[in-house]
Amino acid sequence: MANYGMALDYKNCINCKACEVACKEENGVQLGADKHRIWVGVKEIEGLWPNLSIASSTFEPSQCQQCENAPCQEVCPTQATHYTKDGVVMVDADKCILCSYCMEACPYDARYVKEDTMTVDKCTFCSDTRLLRGETTTACQATCPTKVRTFGDLDDPNSEISILLAHREHRTLKTHLGTKPKLFYLI
Amino acid sequence: MKVEISRRRFLQGSVALSIIGGTSIGATSLLSDENEHGEMRIMTRTTNTKAQKVPFLCGMCVNKCAGIARVEKGVVVKLDPNPYFPKSRNMLCPRGNAGIQTLYDPDRLKYPLVRVGNRGDGKYKRVSWDEAYDAILNGTDKFKGLLQILDEEKDNRSTIGYCNGEGLSKEGFEELMGLKIGTPNYVDEISICLETVLGGYSATIGAYGEADMSNADYVIIAGANRAEAIITPDTMDMFKRSKGRGLKTIVLDPRFTNTAAKADRWYAVNPGTDLAFVLALTYVVFDENLYDKEFAKKYLVGYEDYKNHVIKNGYTPQWAEKITNIPADEIYKTAREFMSSEHPIYYQGRRSVFAKNDFQLRRAQAIFQGLSGNLDKKGGIIYGKKLALPKEDVNSPMYAQAQDRFDKEGIAIFAGKTGSWIVFRNMVLEGKNPYPLRAMFMRKHNPMAGVPNTKKTEEFLKKMDLNVMIDILPSDTTMFCDVILPEASYLERTSPVASYGFLEPAIVQRKAAIKPMFESKTPEVIYKELAEKLTEPLWKNSLKYDEDVQDDTKGMKADELAKYYKENGFDLTEPWEKSVEELNKERVVKAFGEEAWNTLEEKGVYYPNMDKYHKQLNPNEYQYYPDDKKNYTTKGDKLKVVVNFKNLAKKGVDPMPTWHDEWAFKVPDGQFRLVTGRHAQFTQSGTTNNMALRDLIPTNYIWINKREAKKRGIEFGDMLEVKSSIGKIHIKAYPTEKIAPNMIFMLHGFGGSSKEMEMAYGKGGNDAAIIEDKIEPVYGAAVMHETNVEIRKV
């Protein structure tokens, strides 16, 4: 039993999208720009050339926030969306009826429709691929050129993620919604 | 595991190239070896089954990052970073990850093809390898063969040209074409890439060096876009420390790039005027005595002449402000900050030549670096070390009839080996070559997309009697070839072992993850077989025409003649007597012993004491060498910075960096300056057919300033015609404030014209079709940012 989470040193992100491709290859995510488990959020730059605000141009790598109080899980009528014993929010494709309540409920827009199975899909922390084989990193973490992500067990005080969170300031996204995300953005 | 694009489409893609033309082949037979390699899939998914893990070196761009291929049931399903290679820092970029899609690209060249239609119409016949080699030697009813050409040219080997793109098998092609077949007429990517950067730095500080971005505390990065044009290890090291975390970052670029987004300050410099900026920085440093005086006295040869030169010419920040669009105050501030930093770096830059003054710009940058004294030391530009591998000598024959290369027009310093693509091509087109150029042997190179002025490249290719291409995909250039030889992609071949130097040197080996698919062959096997086919007939041609050979061999008996042929290197096959695998083992064992070879085979990487030095620091990072074993300082007293390079004057080149007013940035009213560049998701035209990457960037756009676009009624996605003096393209608009009102920007590598590359065909615009074929005067390298264009909505 673990309690998996992820810390993102998001200032390192150069928006190269290596993580997106690695995720697709590892997990068999379909081709198509609308089908992705992870993404990099980009904001339109503020200002007029040549007086542009560098601070306004940020890259925010994101994916399913693996909430402790996941709204998607609450609304699922068939229990397709569930927690694993390691605290990962997963979708059981056999139970999913594509009612898409979960897609509406997710405040982070982290779900999409997988068209070969016609079910909802999302980030699994590579639970059914890499972790199943005993690997200790997710595909997005392992490939990252600037090493944005650190994945690990939040309940293990000696894990790298626990050490990082103990020593670095961090924030979560849309904290006020009470979803208790387990993705932590390092400041 | 599922087929993620329809099987029908995949089949269509596979057979398209092979069934056009004379012979029609059933689709089933084309996929006859499908079972052998497992079911073809476009998107992969890993499973829990037992997998082979094969160390490879990435071939998606020039960096050669190390990876581990996960192979399940004969199919490559995932590429992961290899944590042992210091240079690539345990990562793979998006292109590295998407290598699987290049391996399994439905449009790959699968079989040898011989042209049966007209050049450019795409009609080819599938042939056997021997028939393809035979067509190269003897021609067909559609084109002349090499033997007839060399017979007509009386064995003047120089009538054959060749070109090659960057890669681990490039050297072998040079051995075959240059050293063995004997032509000097070779062009490659250097003269359309970073020739002036390499040349300028080598002429000034003795090497291009490596910027120690892990330890620098201040960097000026001008015209280099490390966040998008990824270079290892620079990119990895820079952006973990930018944004107020130890590496102050000053970016100069005409447009706002992802690198600018990571900067402390961004200056929208006018294209082609960086030299004025560096001269003004230098002015401040001399005027305010900010330079490292002891270091200058010791190592900077002629720095006092330069001081007088810079002061006398009045290269003040006020002077530079007008030229560069960078405020004088900012130039003062930058110069002072740079010189007061402990480890400042003026980043060398890479990629293409921007403007005619590029050689002088790089000289000025290197001298400026020298003035800080931050050379050959931690946090500076370092020289490092390289692990030596034994070299196999090639016994190269002498051909009396072969002549010197001719592409020297307008060039001050003639770089003998690789020449200038533009000068070479244009002199042939203008009939200025002193002897005919009749054939082009090409490999992994796409001049139709890479060399400015695509129309001229097409004319040039059409002028040849014989064009041969070795490649993995039917590129624009491939479609003008007579014989096409399908090469195994980088994941299907073991490549010659390579050594990478600098701070943390290592030996690396690319191993084949799977066997070559379809009928493709590895480059070295192709060189060998081609050499076997050509060697006897070409030798006979030399006996017929080469007076030196005739004199030498007069009255020789058959066995003596055979001995002469071998001993004097006329046997073309000699460099390929051993396989790549055998040679790799031999070379590594000879240099480092059996144990090193075993490590290299298993891990893909070897360096002395790797077992002791290599440590995992955290889940993401590794130590490759302990800090006290890194090669920060290797030059010592041999260090020399050539400031006043008097010999250059004899060649008509300024001996010290000097600004000339004709280099000022000028754009006529109503026109735009075209600037081009790269991004992290595509390398060049070679990666544009990759499905996973197409997902990320489906096409290129023309960046146009938002306010300028509004004035002209241009909105996002509108199709524009972009026209220069040499051509026009159609490309969609992307209005943005990230570019100046009198400039436009487009990504390089798009706009493919080969219909056989289904994903790339017709997507976006090809910049080479509109960039005017101008050269800089030192090496004749292509100048990429001196073209003005007109645009209109269509």
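In which sense, right-handed or left-handed, does α5(B) pass α19(B)? I started my notebook with that one, and α5(B) passes α19(B) in a right-handed crossing. A reminder to myself before going on: this is a predicted model.

**Entry 1: α5 and α19 of chain B**

I looked up the two helices and found α5 at residues 129-138 and α19 at residues 523-545 of chain B. Their axes come within 10 Å and cross at roughly 40 degrees. Angles under 35 degrees would count as roughly parallel, so α5(B) and α19(B) are oblique to each other. Next I listed who meets whom. From α5(B) come B:W129, B:Y133 and B:L137, and they meet B:E529, B:L530, B:K533, B:L534 and B:P537 of α19(B). Sorted by class, the residues of this contact are six nonpolar, no polar and two charged.

**Entry 2: α13 and α14 of chain B**

I then turned to another helix pair, α13 (residues 317-324) and α14 (residues 328-340) of chain B. Here the axes come within 8 Å, and the crossing is at roughly 120 degrees. That angle makes α13(B) oblique to α14(B). I noted the hand too: α13(B) passes α14(B) in a right-handed crossing. On the α13(B) side, the contact is made by B:P317, B:Q318, B:A320 and B:E321, while α14(B) brings B:A328, B:I331 and B:Y332. I sorted these residues as five nonpolar, one polar and one charged.

**Entry 3: strands of chain B**

I followed β27 (residues 728-736) to its pairing with β25 (residues 701-705), both of chain B. Those two run parallel, again with five bridges. I picked out B:Y701, whose bridge partner in β27(B) is B:K732.

Going back to β26 (residues 719-723), I found that it also pairs with β29(B), in the antiparallel sense over four bridges. B:E721 stands opposite B:R792 in β29(B). I then checked β29 (residues 788-793) against β24 (residues 672-677) of chain B; they pair in the antiparallel sense over two bridges. There, B:R673 has B:N788 of β29(B) as its bridge partner.

**Entry 4: where chain B touches chain A**

How many residues of chain B are in contact with chain A? I read off 49, and they are in contact with 42 residues of chain A. The elements giving two or more residues to the chain B side are β3 (75-81), α3 (94-97), α9 (234-238) and α26 (691-696) of chain B. The largest share comes from α26(B), with four residues. By class, I noted 27 nonpolar, 10 polar and 12 charged residues on this side of chain B.

**Entry 5: one valine in chain A**

Last, I looked up A:V113, which is found in strand β8 (residues 112-114) of chain A. Is A:V113 buried, partly exposed or exposed? I have A:V113 down as partly exposed because 16 C-beta neighbours lie inside 10 Å, and a buried residue would need 20 or more. Leaving aside neighbours within four places in sequence, A:V113 is in contact with A:L98, A:M118 and A:V120. I also checked the separation from A:S159, 46 residues apart along the chain, and the C-alpha atoms are separated by 34 Å.

Terms used:
Residues are numbered from 1 along each chain as its sequence is written. Chains are lettered from A and ligands numbered from 1 in the order in which they are written. This is a predicted model: local features need pLDDT of at least 70, side-chain atom pairs count only at pLDDT 80 or more; totals for chains, interfaces and linings use all residues. Two strands pair if DSSP finds at least two bridges between them. Two residues are in contact if their C-beta atoms, placed from the backbone, lie within 7 Å. Ala, Val, Leu, Ile, Met, Phe, Trp, Tyr, Cys and Pro count as nonpolar, Asp, Glu, Lys and Arg as charged, and the others, Gly among them, as polar. Axes are lines fitted to C-alpha atoms, for helices over the stretch in contact, and angles run from 0 to 180 degrees between N-to-C directions. Angles under 35 degrees count as roughly parallel, over 145 as roughly antiparallel, 65 to 115 as roughly perpendicular and the rest as oblique. A crossing is left-handed if the near helix is turned anticlockwise from the far one by less than a right angle, and right-handed if clockwise. A residue is buried if 20 or more other C-beta atoms lie within 10 Å of its own, exposed if 12 or fewer, and partly exposed in between; C-beta atoms are placed from the backbone.
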